Amino acid sequence: MTPEEFRTAGHQLIDWIADYRTGLPDRPVQSTVKPGDVTGALPATPPTAPEDLAAVMRDLDEIIVPGLMQVQHPRHTGWFPSNASLASVLGDIASSGIGALGISWQSAPALTELEEVVCDWMRQLTGLSEGWRGVIQDTASTGCLVALLAARERAADYVSERGGLQSLEAPLTVYSSEHAHSATPKAALLAGFGRDNIRSIATDPATHALDPAALRAAIEKDVNEGRRPAAIVVSVGTTATTAVDPLAEIMQIAAGYGIWVHIDAAMAGSALLLPEYRWLVEGIEGFTTPDGFTVPPADSLGWNPHKWMGTILDTSLLYVREPERLIRVMSTNPSFLRNSGAVVATEYRDWGIPLGRRFRALKLWFHLRLDGVEAIRERLRRDLANAQRLARLVTAEPDWTVVAPVSLQTVCIRHTPSGPNGETLDGEALEQHTLAWADALNRSGVGTVTPAKLAGQWMVRISIGVESTEWSDVEAVWTAAKELAAQA
Ligand SMILES: *Cc1c(COP(=O)(O)O)cnc(C)c1O
């Protein structure tokens, strides 16, 4: 394809994307395809001759888009907001169009330096001190893995430079709440800690946040039995209910043992853009306790602009206090990657796993510059207010309950109707009822919700925050929920 052909095709594709976004409210939110439908609609063998763009776009319309959950739809309230603001889409297109290759500072100086600049802008916008340095990872899962690799090596005095984990006598342990995202135990497994050394800590039954007393007890037990605590992953905004672990208390416990503190704020981190929500990470910079004990800053913080804030996937920020801890574990310096001359610059390949990096910083750069942070903040505040408003309506309705504190934009609800003889539904019958109305709502195409287990019992999450979701959309999902639950 020549640049001139690209120009023509690109205009058509941009028009198509704009039409797709405009038409979203008229589409069902959840796809109705069954496994194999998409495969069955596609040729089994690859094309050998070039086709027209029109043919490709027709397939986009007829096969691909109907085979997707429409997560940019204003009535998508399932999982979490996975916003792809169009300003950041332009940045993504620019990144692809330039086709830069980041493998060293010299391979694309502006790629490295713009990443440093936007990470620092985001640091300022979220109220972190100048002591933090940021990098863009693909996902929070990768960020957590990278943090745990650095934590492991710090705790083991860089044993990978010698015999590695296999030469350690004392097993290294990792802690997180029982509500931590599945990415946390996965990262701990991949970092080699071993299932036996991954602790799932009990939570407060009312707030669903990690119970510091249970954490302290688990750490003491491990230490007494000869194990070496290496890392705690603090959930700021859990997946099920957006519960917020008490960071300062956890940091104080960690400080006594020199444990790495990684904060997983993948979803909730967007709220740090709002000064009134900085309490989510209260203590992150370190503090002195009333009895004069100095608690150092947390070690790492990861969050996803590609969720609620809306800088399209894959844009996950990882901040660390001491980048040299990442570099010591992950640096490589083969001859072909050396910068010529005496260049002293950031080499982001040493801050994570991949060598080649895309120009992801352009997505944040376009998003911040074209949408503006104040507009993004107003949208987040709109979503927070909509969640509170929904929670009030649910609470006021007979037979409906809000089952967890609404700390951010997720409202967890349950419908507990009376059975045929006036008794309140419970046990297995209630479980079936909850799953039935949630499924009916998802199949209706009106909206999406996500059933999840809380304290062993099903509830339904309504996660507000798609860029285009207004109160009327939340209300439409709630109205459908009431109607469908009454029939279920
Ligand atoms: C979404 C989420 C993750 C995983 O994020 P990815 O970027 O998809 O890896 C991890 N932790 C929490 C709390 C999340 O909300």
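Rings of Phe, Tyr and Trp (its six-membered ring) pair if their centres lie within 6.5 Å; planes under 30 degrees apart are stacked, over 60 edge-to-face, and the rest tilted. By that rule, Trp400, Trp437 and Trp478 are linked by ring pairs into a cluster.

Quick housekeeping. The model is predicted, so local features need pLDDT of at least 70 and side-chain atom pairs pLDDT 80 or more, while totals for chains, interfaces and linings use all residues. Residues count from 1 along each chain as its sequence is written, and side-chain values use heavy atoms, without hydrogens and water.

Now the rings. The count is six aromatic pairs. Take tyrosine 348 and tryptophan 351: centres 5.1 Å apart, planes at 75 degrees, so edge-to-face. Both are buried, meaning under 20% relative accessible area with a 1.4 Å probe, protein chains only.

Next, tryptophan 400 and tryptophan 478. Their centres are 4.9 Å apart and their planes at 80 degrees, so this pair is edge-to-face. Both tryptophans are buried.

Charges over rings come next. The rule: NZ of Lys or CZ of Arg within 6 Å of the ring centre and within 35 degrees of the ring normal. Arginine 321 has its charged end over the ring of tryptophan 132, 5.2 Å from the centre. Arginine 369 does this over tryptophan 365, at 4.7 Å.

Last, domains. Bounds come from an automatic or database assignment: domain 1 is 3-68, domain 2 is 94-371 and domain 3 is 373-487. How far apart are the C-alpha centres of domain 1 and domain 3? They lie 32 Å apart. The contact, heavy atoms within 4.5 Å, takes four residues from domain 1 and six from domain 3.

Definitions and conventions. Buried means under 20% relative accessible area, exposed over 50%, partly exposed in between (1.4 Å probe, protein chains only).
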